[in-house]
Amino acid sequence: MEHSPHTVSDVMTQTVVAIGQDARFKEIVETMEQWKVSALPVLAGEGRVIGVVSEADLLPKEEFRESDPSRLEQLRRLDDVRKAGALTAGELMSAPALTAHAGDTIAQAARTMAYKSVKRLPVVDGEGLLQGIVSRSDLLKVFLRSDEDLAEEVRTEIIGRLFAGASTHLEVAVTDGVVTLRGTVGNTSLISVVARLVRAVEGVVDVTLDVKGSAPARMGPPVVGPQI
């Protein structure tokens, strides 16, 4: 069985178009158009990521073309006003760059994108050198796994390991990424554990449980008080 991808390295794109910090405005636009991308990592030295230029960084030049911003607007949008007059990638880029590492989990990359409202992250090594790029669409690739593949992973990696040798009978069915578990387990306290582990499998959309305990959860030995 092919295990589900758990890290950025499993889904990232290794071929990345990047620019130097001296790249001119028109060169940046032409590069984006040629490669059909909406953002470009900006590199310095031997490939260290120092920032990112996105379409949002370029738009102020067009926005303020026909009129000068008022004094109040200049104070409120200092960064956009500055970018409207910028000519090079070093002047336009958002820095420092938000990045990911190849060993980061997919969940970590997804949280960074969500919290920082970005669509992609350059992937760098320990020295900050560019290794690839990961986008929102890359992270969603885990949901392309087949139902059969998901079911096999749940049976083998979770049910088979967690209940090895136990008196447990669980049926696993997957439809459109939703895992349904039916059957009995010897220890009811493990039902929530199973649900949590299944939900953590890359590509699982949701978990439905129809599971009962065949025996009560194990209790500790009775406490015996002092004899009077």
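Strands S4 and S5 pair in the parallel sense over 2 bridges, where pairing requires that DSSP find at least two bridges between two strands. The bridge partner of His101 in S5 is Val124. These strands belong to an open sheet of 3 strands with the order S4-S5-S6 and mixed pairing. Its edge strands, each pairing on one side only, are S4 (100-101) and S6 (130-135).

The model is predicted, so that local features need pLDDT of at least 70 and side-chain atom pairs count only at pLDDT 80 or more, while totals for chains, interfaces and linings use all residues. Residues are numbered from 1 along each chain as its sequence is written, and side-chain values use heavy atoms, with hydrogens and water left out.

The protein has 9 helices and 9 strands, taken as DSSP runs numbered from the N terminus (helices: H or I, at least four residues; strands: E, at least two). Of its 228 residues, 36% count as buried, that is, under 20% relative accessible area with a 1.4 Å probe and protein chains only. Among contacts (heavy atoms within 4.5 Å) between residues at least 6 apart in sequence, 59% join residues at least 24 apart.

A second pair of strands, S8 (residues 178-185) and S9, runs parallel and is joined by 8 bridges. Val179 stands opposite Val207 in S9. Together with H9, strands S8 and S9 make a right-handed β-α-β unit; right-handed denotes a clockwise path from the first strand over the helix to the second, with the strands pointing away from the viewer.

Val204 lies in the loop between helix H9 (191-199) and strand S9 (206-213). Val204 counts as buried because its relative accessibility is 8%. Beyond its neighbours within four places in sequence, Val204 is in contact with Phe143, Leu150, Gly177, Val179, Val198 and Arg199.

The largest pocket is lined by 19 residues, of which Val52, Ser54, Val118, Lys119 and Arg120 lie nearest its centre. Strand S3 (48-54), helix H2 (55-63) and strand S5 (120-124) each give two or more residues to this lining. A pocket is an open set of points on a 1 Å grid over the protein atoms alone, where a 1.4 Å probe fits, with protein on both sides within 12 Å along at least five of seven lines; lining residues have an atom within 4 Å of a point.

Methods. Buried < 20%, exposed > 50% of the residue type's maximum accessible area, 1.4 Å probe, protein only.
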